[in-house]
Amino acid sequence: MDRDWPSGAVVLLTGASSGLGRELLGQLLHWGAEVYILLHPRHAGGNGRKWVEGDIAGEIFCDLSDPASVEEAATKINKSMPRLNTLILCAGAAAYGKIIDIPWATADHVMKVNYLANVILIGKLLPVLQAQPVGRIVCIGSGSALMGLTKGAAYTASKAAFHNFFESLQGECQKSSVRLLHVMPGYMETPIHDKQPIFGDAGSVPPTGKGVDVGSVAKAIIKLGRRREGNVLLGRNPCLAYHLRYWCPRALRALARWYGY
Ligand SMILES: NC(=O)c1ccc[n+]([C@@H]2O[C@H](COP(=O)([O-])OP(=O)(O)OC[C@H]3O[C@@H](n4cnc5c(N)ncnc54)[C@H](OP(=O)(O)O)[C@@H]3O)[C@@H](O)[C@H]2O)c1
């Protein structure tokens with residue numbers, strides 16, 4: 001149990017401009033955390049703060065699909081935020097379409113945002129986090145990392161790659177002051193579904209039932225940060241899929257087909 005979370009946290013949050021990240025930002029500011037946000041350069045020039053209710057500590061602009069830009073941002077963060085004790089990786093990009101239709105440049109973009117950018121940020125910022133009495137890394141993955149989704153390979157493979165990276169990271173951080181939490185939510189109603197490009201004759205993304213309310217997911221993540229470490233599946237569907245995958249994979253495929261995946 002960590003009583004200084006989230007009020008005593010000095011946070012760098014990615015993906016704060018939209019969806020789950022925006023909800024997390026609101027929650028963190030509500031609980032009195034000191035929050036720096038990392039935004040795509042398209043938000044530079046005054047747009048950044050308009051949608052923030054509360055005072056953020058600062059903004060960093062960086063295109064997470066550009067490894068050089070991520071490395072440069074990490075160097076700046078290391079210099080300007082020596083008290084940083086929490087890294088929350090919430091940014092994400094998606095694409096939808098059959099494997100034969102997804103352009104490699106799109107698969108590359110999704111992998112860079114969802115996997116490589118997080119790897120660079122963690123690698124570069126881990127020393128400053130480890131120098132704090134308690135450091136924390138909270139990563140937003142996806143339940144789909146554990147099963148794949150038909151026509152969602154570019155996205156789910158990037159989340160699976162990060163899931164595997166996280167397994168190794170846990171081993172490397174075992175004896176340090178850094179707590180690690182990898183949250184894998186199910187379907188949420190956020191703008192990511194409208195933003196993602198759709199390729200070939202994939203049609204629209206099939207409905208997966210009513211999505212989980214993103215505000216309640218943000219609340220749950222704040223709560224989890226106080227008590228839990230390791231991998232956490234959030235929501236009924238990812239938990240069901242996780243167990244079916246091991247105990248009855250044919251039932252999982254049948255269910256996925258029924259939903260249109
Ligand atoms: N929604 C779901 O059903 C679902 C389910 C499981 C997991 N997740 C995960 O939850 C996390 C939050 O996603 P969301 O659903 O809230 O989606 P969202 O509303 O689209 O938010 C994604 C965030 O990532 C930022 N981002 C994307 N590409 C970027 C880049 N190149 N450089 C900098 N920032 C970039 C976006 O910035 P802009 O506003 O500038 O685009 C936005 O702030 C993601 O990791 C996603 O994979 C989502």
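This briefing describes the sheet, the ligand shell and some local backbone features of one predicted model.

Because the model is predicted, local features are reported only at pLDDT of at least 70 and side-chain atom pairs count only at pLDDT 80 or more, whereas totals for chains, interfaces and linings use all residues. Residues are numbered from 1 along each chain as its sequence is written. Helices (H or I, at least four residues) and strands (E, at least two residues) are DSSP runs numbered from the N terminus.

**Sheet**

- Seven strands form an open sheet in the order β3-β2-β1-β4-β5-β6-β7, and their pairing is parallel, where two strands count as paired if DSSP finds at least two bridges between them.
- At the edges of this sheet stand β3 and β7 (230–234), each of which pairs on one side only.
- From one strand to the next the twist averages 15°, with axes taken as lines fitted to C-alpha atoms, for helices over the stretch in contact, and angles running from 0 to 180 degrees between N-to-C directions.
- Helix α6 (residues 214–227) packs on the sheet and touches β5 (135–140), β6 (178–185) and β7, its direction making about 155° with that of β6; two residues are in contact if their C-beta atoms, placed from the backbone, lie within 7 Å.

**Strand β2 and its partners**

- Strand β2 (residues 34–39) is largely enclosed by the rest of the structure, because five of its six residues are buried; a residue is buried if 20 or more other C-beta atoms lie within 10 Å of its own, exposed if 12 or fewer, and partly exposed in between, with C-beta atoms placed from the backbone.
- With strand β1 (residues 10–14), β2 pairs in the parallel sense over five bridges, and here Leu-12 stands opposite Tyr-36 of β2.
- The chain passes from β1 through α1 to β2 in a right-handed β-α-β crossover, that is, with the strands pointing away from the viewer, the path from the first strand over the helix to the second runs clockwise.
- With strand β3 (residues 58–61), β2 pairs in the parallel sense over four bridges; Leu-38 has Ile-60 of β3 as its bridge partner, and Leu-39 has Phe-61 of β3.

**Ligand shell**

- The ligand is surrounded by 25 residues, of which the closest are Gly-19, Ala-91, Gly-92, Thr-190 and Ile-192; a residue is near a molecule if its C-beta atom, placed from the backbone, lies within 6 Å of it.
- Helices α1 (19–30) and α5 (192–195) each supply at least two residues of this shell, and the largest share, three residues, comes from α1.
- By class the shell has twelve nonpolar, ten polar and three charged residues, where Ala, Val, Leu, Ile, Met, Phe, Trp, Tyr, Cys and Pro count as nonpolar, Asp, Glu, Lys and Arg as charged, and the others, Gly among them, as polar.

**Local features**

- Most residues other than glycine have a negative phi, and most peptide bonds are trans.
- A cis peptide bond with omega of about 0° joins Trp-5 and Pro-6, and Pro-6 lies in the segment before β1.
- Lys-151, in the loop between β5 and α4 (153–173), has a positive phi near 70°, and Lys-151 is buried because 23 other C-beta atoms lie within 10 Å.
- Ser-80, in helix α2 (residues 67–80), is exposed, with 11 other C-beta atoms within 10 Å.
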